[in-house]
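Please examine the sequence and the three-dimensional structure shown below before reading the questions.

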Amino acid sequence: MQKCKNCNMQFSWVNIYKSFWWGYKPIECETCNTEHRITVLGRIIFVSLTILPMLVFGYFFSPFDHAFATMGVGIAILIIGSLFTPYLVKYKKVDQQS
């Protein structure tokens, strides 16, 4: 799990997870108030674990004849993939400009 680059305090899983679903909102360290933003690689990892598997399943591997079953499994894949992303993405410290 990612830690603050300034004070080495570990970010909570919930704060990282919320950051994804609010447009990659920056995370602020609760101890030193340093702002961290998700890296480009972190965004790619997020999409690779959520959107991409859902689309691949829906278009290529769907064994269901019903659209609702396919959408349900696709959404389940998206949710399960998103639960792992806070452990894998990286954030970088925002340089404060005077």
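Predicted model: local features only at pLDDT ≥ 70, side-chain atom pairs only at ≥ 80, totals over all residues.

Residues are numbered from 1 along each chain as its sequence is written, and side-chain values use heavy atoms, with hydrogens and water left out.

Q: How are α1 and α4 oriented to each other?
A: Helices (H or I, at least four residues) and strands (E, at least two) are DSSP runs, numbered from the N terminus. Helix α1 spans residues 13-21 and helix α4 residues 67-88, and they pack at an angle of about 125° with their axes 9 Å apart. Axes are lines fitted to C-alpha atoms, for helices over the stretch in contact, and angles run from 0 to 180 degrees between N-to-C directions. Angles under 35 degrees count as roughly parallel, over 145 as roughly antiparallel, 65 to 115 as roughly perpendicular and the rest as oblique, so α1 and α4 are oblique.

Q: How are α2 and α3 oriented to each other?
A: Helix α2 comprises residues 40-49 and helix α3 residues 51-61; their axes come within 3 Å and cross at roughly 30°. The helices α2 and α3 are therefore roughly parallel.

Q: Which residues make the contact between α2 and α3?
A: The axes of α2 and α3 cross at roughly 30°. By class, this contact has five nonpolar, one polar and no charged residues. The residues of α2 are V47, S48 and L49, and those of α3 are I51, L52 and P53.

Q: Is α3 roughly parallel or roughly antiparallel to α4?
A: The axes of α3 and α4 come within 8 Å and cross at roughly 155°. That angle makes α3, relative to α4, roughly antiparallel.

Q: How many nonpolar, polar and charged residues does the contact of α3 with α4 have?
A: On the α3 side, the contact is made by I51, P53, M54, F57 and G58, and on the α4 side by T70, V73, G74, I75, I77 and L78. Sorted by class, the contact of α3 with α4 has eight nonpolar, three polar and no charged residues.

Q: Which residues does V47 contact, leaving aside its neighbours within four places in sequence?
A: V47 lies in helix α2 and, at 37% relative accessibility, counts as partly exposed; buried means under 20% relative accessible area, exposed over 50%, and partly exposed in between (1.4 Å probe, protein chains only). V47 and L78 are 31 residues apart in sequence, with their C-alpha atoms 9.5 Å apart in space. Leaving aside those sequence neighbours, V47 is in contact with Y24, L52 and P53.

Q: Which residues does C32 touch, not counting residues up to four places away in sequence?
A: C32 lies in the loop between β1 (27-28) and β2 (35-38), and its relative accessible area of 26% makes it partly exposed. The C-alpha atoms of C32 and M9 are separated by 8.8 Å, although these residues are 23 apart along the chain. Not counting residues up to four places away, C32 touches C4, N6 and C7.

Q: What is the phi of Y24?
A: Most residues other than glycine have a negative phi. Y24 is in the loop between α1 and β1, and it counts as buried at 19% relative accessibility. Although Y24 is not a glycine, its phi is positive, at about 60°.

How values were computed:
Contact = heavy atoms within 4.5 Å. Nonpolar A, V, L, I, M, F, W, Y, C, P; charged D, E, K, R; others polar.
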